[in-house]
Amino acid sequence: MKVYLDNAATTPMQPQVLDLMTKVMRETHGNPSSIHQAGRKARTIIEDARKRVAGHLKASTGEIFFTSSATESNNMIIHCSVRDLAVKRIISSPTEHPCVLNSLKSVASLFDVEIDFLKVDGRGNINLEELDQKLHKDTKTLVSLMHGNNEIGTMIDLQAVSDMCVKHDALLHTDAVQSVGKYPIDLSKTKVNFLSASGHKIYGPKGIGMMYINNDNNIEAYIQGGGQERKMRSGTENVYGIAGFAEALDWLVENREMHLNKVESLRRHFKGKVAEKGLDIHYNGNQDKNYLSNILSLCIPKSEKSDLIVFNLDIHGICASAGSACSSGVEHDSHVLAAIDAPQDRKTLRLSISHHNTEEEMDYVAEKLATLI
Ligand code: PLP
């Protein structure tokens, strides 16, 4: 049996996304900056996509910019908010994605900016009171907190964090790569200054990202060139990637309930099987509320077989991941597991579910795990 349970690393494309992208590739070769009809056709595809993405986030079209990845979006947001908005302090958490953590390191080495990390508890939750206290300072501050954690699934209460940032007049950036489309985000109600997302986590293509930059924030380009994306992100646009991103987000938003119900029910089913078999498995991250339903981080006993758990599951046709997925292939200690003080004498396995998975597949994985731990 072949089972793909690495959807937090990347998702397969929805068939309609693939169809649309191949159609665009076949029929639209114009450069969107050209003023002739071929160029105008490509431009229309981009602007239509921007409108649809803005609509789903309740943002205005002028606030949506396409990039090559969420990595690029996060780099630009952090770098440019310090460079252009006189941010002197960034409050973040130790469980952010490496593209945020490394951007923080980079700005700290280039600019006069203090980086301050919140503590997280054993499930990866920040403490809002600590954030409140830290924001009690007269310094221009950017708060950068991911909406949902890619390794353990813990989510922040975005509305509460946003309210606190508004109260203290701080800027808020959220990396919403793992939550966009899967969970409602209404930017007309929840004040966020910057948000990032990625096509390949929402059943769309790889190599396309997006950033939302609230109209109040006057930042300038990070990548210089011909002035595409209204001078904010130069480089000839990835027209079919942009079309694919919007199509994928359309699909996910329309099917949000189905998707959430399906992954939540598979999660429960799997946990039920584990309990039934009496397997010695703990779960990392929140389990009762504020969690991404599709991410299950399993803490399993260390043994010869579990040391190579990803490899051993792969032999049985199961694709899963150990620590961080973005650098899968290379196993290294996860900064997220270190931040939550995950037990050193155990191994971590991440199963990330999609609507394509079935109960039979989850049973098969539970069975194989029983033989491996
Ligand atoms: N942020 C989070 C939370 C992620 O999970 C990932 C990828 O795994 C990224 C950012 C980077 O996204 P991209 O692959 O588009 O660069």
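Which residues make a nonpolar surface patch of about 330 Å²? Leu308, Phe311 and Ile315 form this patch, and Phe311 is placed in helix α10, residues 309-315. The model discussed here is predicted. The points below are grouped by topic.

- Strands of a sheet pair through backbone hydrogen bonds, in either a parallel or an antiparallel sense.
- Strand β2 runs antiparallel to strand β8 (residues 209-213), and 4 bridges join the two.
- Thr67 has Gly209 of β8 as its bridge partner.

- Strand β10 (residues 295-301) pairs with β12 over 7 bridges in the antiparallel sense.
- Within β12, Thr348 stands opposite Cys299, and Leu351 is the bridge partner of Leu296.

**Helix α7**

- Helix α7 comprises 16 residues (239-254).
- The distance from its first C-alpha to its last is 23 Å, close to the 22 Å expected at 1.5 Å a residue.
- Of the 16 residues of α7, 13 are buried, and the helix is therefore largely enclosed by the rest of the structure.

**Residues with positive phi**

- Most residues other than glycine have a negative phi.
- Tyr203 has a positive phi, near 70°, and is not a glycine.
- Tyr203 is found in the loop between β7 (194-198) and β8, where this residue is buried at a relative accessible area of 0%.
- Lys231, also not a glycine, has a positive phi of about 70°.
- Lys231 is found in the loop between β8 and α7 and counts as exposed, at 65% relative accessibility.

**Salt bridges within helices**

- Side chains of opposite charge can pair when their charged atoms come close.
- What distance separates N and O in the salt bridge of Glu27 and Lys23? The distance is 3.2 Å.
- Glu27 and Lys23 are 4 residues apart in helix α1 (residues 15-27), a separation of about one helical turn.
- Glu27 is partly exposed at a relative accessible area of 39%, and Lys23 is partly exposed at 43%.
- In helix α2 (residues 37-57), Arg50 and Glu47 are 3 residues apart, or about one helical turn.
- The side chains of Arg50 and Glu47 meet in a salt bridge with an N to O distance of 2.8 Å.
- Arg50 counts as buried at 2% relative accessibility, whereas Glu47 counts as partly exposed at 31%.

**A salt bridge between strands, and its network**

- Asp116 and Arg89 form a salt bridge in which the closest N and O atoms are 3.3 Å apart.
- Asp116 lies in strand β4 and Arg89 in strand β3 (residues 89-92), so the pair ties together parts that are 27 residues apart in sequence.
- Asp116 and Arg89 are both buried.
- Salt bridges with shared partners join Arg89, Glu114, Asp116, Lys119, Glu130 and Lys134 into one network.

Conventions
Residues are numbered from 1 along each chain as its sequence is written. This is a predicted model: local features need pLDDT of at least 70, side-chain atom pairs count only at pLDDT 80 or more; totals for chains, interfaces and linings use all residues. Side-chain values use heavy atoms; hydrogens and water are left out. The expected span of a helix is 1.5 Å times one less than its number of residues. Buried means under 20% relative accessible area, exposed over 50%, partly exposed in between (1.4 Å probe, protein chains only). Patches are made of residues with over 30% relative accessible area and no salt bridge: like charges are joined within 9 Å, nonpolar side chains (Val, Leu, Ile, Met, Phe, Trp, Tyr) within 5 Å. Accessible areas come from the Shrake-Rupley method with a 1.4 Å probe; for residues, only the protein chains shown count as cover. A salt bridge is a side-chain nitrogen of Lys or Arg within 4 Å of a carboxyl oxygen of Asp or Glu. Two strands pair if DSSP finds at least two bridges between them.
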